[in-house]
Amino acid sequence: MTVATLRDLLQPAVAGRYAVAGLVVQGWEDALAYTQAAEEAGLPVILQAGPGARRHTPVSVLGKIFRHLAEHARVPVACHIDHAVTLEECLAGIGEGFTSVMIDGSSLTLGQNIALTCRVAEAARAAGVSVEGEVGFVGYAGGRASAVTQPADAALFERETGVDALAISVGNVHLQTEATEGIDLAALQAIAAVTRVPLVLHGGSGISPETRRRLARQHRVAKFNIGTELRQAFGAALRRELAGHPGRFDRIEILSATIPAQRAAAAEAIRNLGPGSSDSPL
């Protein structure tokens, strides 16, 4: 059985100076593709159910899908709830077999964020589940602007909550369709200097593969959330399939045709972050 917690995967990543890909799942086909990609790469992966997936598919169903894939995979797989904003969402995920939860209190005051995260952490630890928290606010392309994480806030949050991973805001942005070089290395270094927990960067699609690898090697970033570039691979494959087979109407046939492209994109992202990727200077 290869079901893993976030702590199981990220502690070795920090020690080995690499990172694990947190891949955003929206349905069966991509969950399957990402698991196959991890097996192909021989590396662990984190399957993530974000708010969109949870609105579209019941958490009970997502939990069964994730656990089925994790239990039959040849590599460690963490089953992760991403961007929960309430204790109830986290408890629902824990009850449905998820092995880690991300409680996002970044829209709250620091004190409120700490209090909420502590409540989640207490419930999660009792169930053997890992917890990721967030300090600062990671903005969205074309949406709400980011608020950079302050090192003192990150240190206090880590000390008070005991989270297993800490998501921070240092120029990373959700839903970027093109990679930029916007990471504030001075801000990242300042946060890393006063914390010990594995660091997480959301909005990984907006960070180039070369930069992701460097941040993992040199700055204790042990998890990158990647979604947009994989959805782009899915969309392009779907369009090719429909254009090439205009008479095709079977849902299973059509969606199954997107799996190879998603698997290839996921495998590339997983390998790039892993311990076997190139360590050449960047």
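Author: Let's start with Ala31, which lies in helix α2 (residues 28-41); helices (H or I, at least four residues) and strands (E, at least two) are DSSP runs, numbered from the N terminus. One caution: this is a predicted model, where local features need pLDDT of at least 70, side-chain atom pairs count only at pLDDT 80 or more, and totals for chains, interfaces and linings use all residues. Residues are numbered from 1 along each chain as its sequence is written, and side-chain values use heavy atoms, leaving out hydrogens and water.

Reader: Why is Ala31 called buried?

Author: Buried means under 20% relative accessible area, with exposed over 50% and partly exposed in between (1.4 Å probe, protein chains only). Ala31 is at 0% relative accessibility, so it counts as buried.

Reader: What does Ala31 touch?

Author: Leaving aside residues up to four places away in sequence, Ala31 touches Val25, Leu47, Ile65 and Leu69; contact means heavy atoms within 4.5 Å. Ile65 is 34 residues from Ala31 in sequence, with 8.0 Å from C-alpha to C-alpha.

Reader: Next, Arg213 in helix α9 (residues 209-219). Why does Arg213 have no salt bridge?

Author: A salt bridge is a side-chain nitrogen of Lys or Arg within 4 Å of a carboxyl oxygen of Asp or Glu. For the buried Arg213, the nearest side chain of opposite charge is Glu210, 5.8 Å away. Lys and Arg count as positive, Asp and Glu as negative, and His and the chain ends are not counted.

Reader: What makes the pair Arg213 and Asn272 a polar contact?

Author: The rule is a pair of N or O atoms within 3.5 Å; within protein, one must be able to donate a hydrogen and the other to accept it, and residues adjacent in sequence count only if both atoms are side-chain atoms. The side chains of Arg213 and Asn272 are joined at 2.6 Å, and that counts as a polar contact.

Reader: What covers the buried residues of α9?

Author: The cover includes α8 (185-194), β8 (199-201), β9 (221-226), α10 (228-244) and α12 (259-273).

Reader: Last one: how do you know that β6 pairs with β5 and β7?

Author: Two strands pair if DSSP finds at least two bridges between them. Three bridges join β5 (residues 100-103) to β6, running parallel, and β6 pairs with β7 (residues 165-167) in the parallel sense over three bridges. Ser100 stands opposite Ser130 in β6, while Glu132 has Ala165 in β7 as its bridge partner. Strand β6 (residues 130-134) is also mostly covered, with five of its five residues buried.
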